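Open the model in your viewer and keep the selection panel at hand.

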Amino acid sequence: MSEMKKIKNLKEFSTSADRFEGANLLCPGCAHSIIVREVLNATNDDLILSASTGCLEVCTAVYPYTSWDASWIHIGFENGSTAVAGAEAMYKALKTKKRLKQPDRNPKFVSFAGDGASYDIGFQWISGCMERGHNMMHVVLDNEVYANTGGQRSSSTPIGSSATTSPAGRVSYGEKKNKKDMVAIMASHGIPYSAQVAPNKWKDMVKKIQHGMEVDGPVFINAVSPCTTEWKFDPKDTMLLTDLSTDSLVFPLYEIIDGHELNITYRPKEKDIVPVEEYLAAQGRFKHLFKDQYKYLIKEWQERVDANWAYLNRREEARV
Amino acid sequence: MAFDKMELRDIEVWDGNFAAAQALRQCQIDVVAAYPITPSTPIVEGYAKFLSDNYVEGEFVMVESEHAAMSGCIGASAAGGRVATATSSQGFALMVETLYQASGMRLPIILNVVNRALAAPLNVNGDHSDMYLGRDSGWIQLDAYSPQGAYDLNFIAFKVAEDHDVRLPAMVHQDGFMTSHTAQGVHTLSDDVAYNFVGDFKPMNDMLDFEHPVTHGVQTEEDWHFEHKARQHNDMMTKVLPKIQAAFDDFEKLTGRKYNIVERYDMDDADVAVVCMGTSVETAREVATEMRAKGIKAGVVGIRVVRPFPFFEIAEALKGVKAIAALDRSAPGGAPGMLFNELAGCLFNSEERPMLSGYVYGLGGRDLTKKHLVDLYTELQANVDAGKVTTQLQQFIGVRGPKLAFL
Amino acid sequence: MANTGWDEFEIGAMLRTFEGEAGDIAGTLQEDRKYTENSSFSASVADWRIEKPIFAKDYCIDCQFCWIYCPDMSIISRDKKMIGIDMDHCKGCGICVEVCPTNPKSLLMFPEQADEEAELAQWPAKETKEK
Ligand SMILES: Cc1ncc(C[n+]2csc(CCOP(=O)(O)OP(=O)(O)O)c2C)c(N)n1
Ligand code: SF4
Ligand code: SF4
Ligand code: SF4
Ligand SMILES: [Mg+2]
């Protein structure tokens with residue numbers, strides 16, 4: 001096993017040499033990129049990467065340009081996880097057969113995919129990768145929508161969000177279904193590590209990514225990725241939105257070890273907890289919820305977030 | 001190397017599936033990612049068992065669908081090693097998206113396709129619907145007519161597909177049950193001879209070469225896509241057949257077994273000919289011999305290489321023939337059959353422009369009987385005698401109910 | 001590459017990031033890497049910008065918030081110090097300005113045509129917190 005990269009503080013982190021390049025085609029202020037940077041910079045080891053079809057993929061490998069400084073593959077929308085799993089299997093085979101060109105390296109296998117590619121169309125592929133125990137990490141860039149194709153709902157889209165296929169209108173408040181709890185589903189595969197992360201809490205992110213890269217076996221990471229285009233906020237406010245998402249506890253940060261041991265990794269002080277209403281108010285996709293007839297939904301949102309937070313706390317306490 | 005070699009008798013009694021599995025073992029596949037489906041399952045089960053018994057070194061990844069099987073194969077192949085899998089029918093259909101991705105990325109994956117009908121209605125038996133479904137996917141397609149062919153053509157497939165001038169994936173087809181589950185004597189190669197024929201895998205643009213990071217699977221829009229597809233088609237059209245011929249020649253020198261891009265039987269002076277694929281070739285050969293005893297100069301052309309389509313080789317094989325039957329074993333879905341159309345394409349500009357009629361047969365594993373073929377040759381001879389096609393151009397044979405003919 | 005024909009590029013639309021051997025990329029700064037013309041590092045998105053950030057070094061405390069949160073690898077930090085902005089890759093999102101904690105801010109957004117020296121000369125003074 002290689003040495004884990006030492007990242008004591010942000011200054012030390014800032015000496016990292018990025019392996020993801022600019023002049024990609026992601027929107028100004030896109031959080032996908034911030035997440036990718038934090039993940040890649042968490043290690044100095046060699047990387048074998050994939051992206052499933054989606055914003056990250058279509059914006060970073062548009063011929064004749066690539067923004068990737070490590071080997072990278074895209075096959076389709078649903079199968080980026082399995083692409084990496086296949087590469088990982090080949091790595092094992094060539095290692096056994098002593099055919100690796102650089103046998104002393106210690107590559108990390110990471111697949112990036114959107115929530116659409118993970119919660120929906122690629123669900124089965126990811127489940128297969130997690131179940132089979134590949135030594136790989138799947139990172140979801142969770143912007144709760146099919147952003148690349150213009151904002152259709154996914155099973156990660158939360159209640160009340162206006163998506164193009166579940167638009168708010170005169171008689172509809174938009175998306176009717178609650179977001180799927182993907183971290184729980186993946187954890188219940190019994191994988192050694194799963195976690196939710198956010199790019200504003202870079203230290204928490206790096207710690208989790210490093211842990212995930214060290215453990216033997218599949219790792220699932222869900223990263224909140226505020227999308228300026230589909231959440232409808234000003235690009236400069238990406239980090240503000242990320243702060244609101246973690247501090248309102250809409251995106252609580254936690255990890256699940258070996259499928260059961262849950263630890264909350266970010267616990268805002270009582271006085272710093274932001275009302276969910278503020279999180280919603282900062283985004284155009286929830287604008288209609290502030291009409292009188294839908295205000296009850298904001299209350300229900302808060303209750304759901306509170307209940308989930310209480311549940312996570314109970315699980316942490318119970319150590320199960 | 002740390003695996004054990006296997007002692008084979010000169011002739012083993014193998015079915016097509018086991019023959020293919022043995023070929024995969026002898027090629028020492030690095031990664032097999034697979035999903036079971038009748039009738040191809042025993043091929044990957046065979047590889048798994050060889051792995052369990054230490055007759056091969058590699059990774060067997062039993063995935064959760066055929067789409068994932070080919071996705072895993074693509075990842076593994078791009079990583080840089082020898083990759084193979086097998087499927088049939090519905091599994092093949094589920095793979096289709098990834099077939100185009102594999103060929104577009106120029107990854108030399110070998111897919112054993114044990115041909116089977118496509119639902120609905122569900123059917124596990126052999127016809128060529130899956131083979132036809134893959135015909136525009138950019139894969140090389142080789143067709144075996146027997147367990148021996150299923151064994152031998154795997155070696156040819158690896159040798160050609162992995163060649164750096166080619167770098168295209170290849171399918172080795174065999175007929176479901178008729179070949180896959182019918183045991184016959186198969187002349188074997190020793191492990192060393194077989195492996196040396198194929199040679200070591202030579203990586204190209206391999207992701208696992210950390211000194212040369214590569215980006216695979218890019219986006220190309222209207223400014224680049226056409227050039228890449230054109231390049232791929234060019235390589236398929238110009239590079240593959242010569243490499244296949246060279247591999248056939250080498251293989252003949254090594255084993256004495258001769259394969260041809262287009263197989264001809266009794267074609268030298270034939271007036272009437274049947275063009276077909278798979279096990280039907282063998283049946284047609286027997287009937288052609290019988291027809292000759294009756295004074296009809298019958299011949300058979302078997303397509304060995306389905307893609308790239310051997311346009312000139314087929315025209316050449318059919319030179320001088322007066323009436324030809326194209327036998328399509330796949331429901332044509334509102335068109336003449338694929339073989340009919342492609343033969344028409346390569347004969348249309350010929351000087352003699354022979355008479356061509358199409359027959360749809362054998363769907364869902366329905367037997368092609370000798371009687372069918374006798375009638376068919378008789379019809380062809382009647383066409384010759386009349387100097388024109390006397391039947392409709394598309395006829396269904398072997399189906400119950402009133403006669404079905406179109407066009 | 002703009003007008004290359006179908007026979008003039010790598011098969012499979014494969015792209016390479018570096019000329020020759022990559023070496024220890026994670027340990028090599030961008031200025032020391034041998035990028036190919038296919039790396040987007042060689043390209044520019046400067047024309048996307050309507051506004052651009054200007055960096056006033058004097059106020060900077062090298063906290064590196066701008067470095068970590070810039071989505072476009074455009075904050076150049078060397079030896080733990082913020083030294084400038086990569087104007088070929090900056091898309092002008094303004095995140096760096098938002099996250100800059102100093103008072104006055106060490107980064108501010110200006111119209112793309114603004115003159116850097118002039119703006120630096122008239123940098124806003126320290127704000128006194130209302131409330
Ligand atoms: C098989 C298939 N179905 C549909 C699409 C169209 N498609 C491409 S990306 C995309 C949405 C991506 O959403 P997500 O995974 O959430 O990623 P994001 O763009 O939001 O980052 C869709 C629907 C496709 N490329 N392939
Ligand atoms: S649409 Fe959203 S996710 Fe996609 S590139 Fe733009 S900001 Fe990023
Ligand atoms: S404006 Fe945006 S892209 Fe430019 S340096 Fe600041 S954070 Fe980076
Ligand atoms: S955020 Fe501001 S203070 Fe911190 S390093 Fe960047 S410019 Fe300097
Ligand atoms: Mg999304």
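The tour follows, with conventions given before the stops.

This is a predicted model: local features need pLDDT of at least 70, side-chain atom pairs count only at pLDDT 80 or more, and totals for chains, interfaces and linings use all residues. Residues are numbered from 1 along each chain as its sequence is written, chains are lettered from A and ligands numbered from 1 in the order written, and side-chain values use heavy atoms, without hydrogens and water.

**Stop 1: ligand 1.** Select ligand 1 and the residues near it (a heavy atom within 4 Å). The shell holds 18 residues, the closest being H32(A), C55(A), G116(A), A117(A) and V145(A). Colour by chain: the shell draws on chains A and B, so the site is shared between chains.

**Stop 2: shell make-up.** Which helix gives the most to the shell around ligand 1? Select residues 115-120 of chain A: this is helix α5, with three residues in the shell. Helices here are DSSP runs (H or I, at least four residues), numbered from the N terminus.

**Stop 3: backbone contacts.** Show polar contacts (N or O pairs within 3.5 Å). Polar backbone atoms of G116(A) and A117(A) each have a ligand 1 oxygen at 2.8 Å. For V145(A), a backbone N or O atom is 2.9 Å from an oxygen of ligand 1.

**Stop 4: the magnesium ion.** Select ligand 5. D115(A) (OD), N143(A) (OD1) and V145(A) (O) coordinate this magnesium ion at 2.0 to 2.1 Å. Donors are N, O and S atoms within 2.8 Å of the metal (3.2 Å for Na, K and Ca); water is not among the atoms, so sites may look incomplete. The donor spacing in sequence is D-x27-N-x1-V.

Technical notes:
Polar contact = N/O pair within 3.5 Å; in protein donor to acceptor, adjacent residues only side chain to side chain. Helix = DSSP H or I, 4+ residues; strand = E, 2+ residues; numbered from the N terminus.
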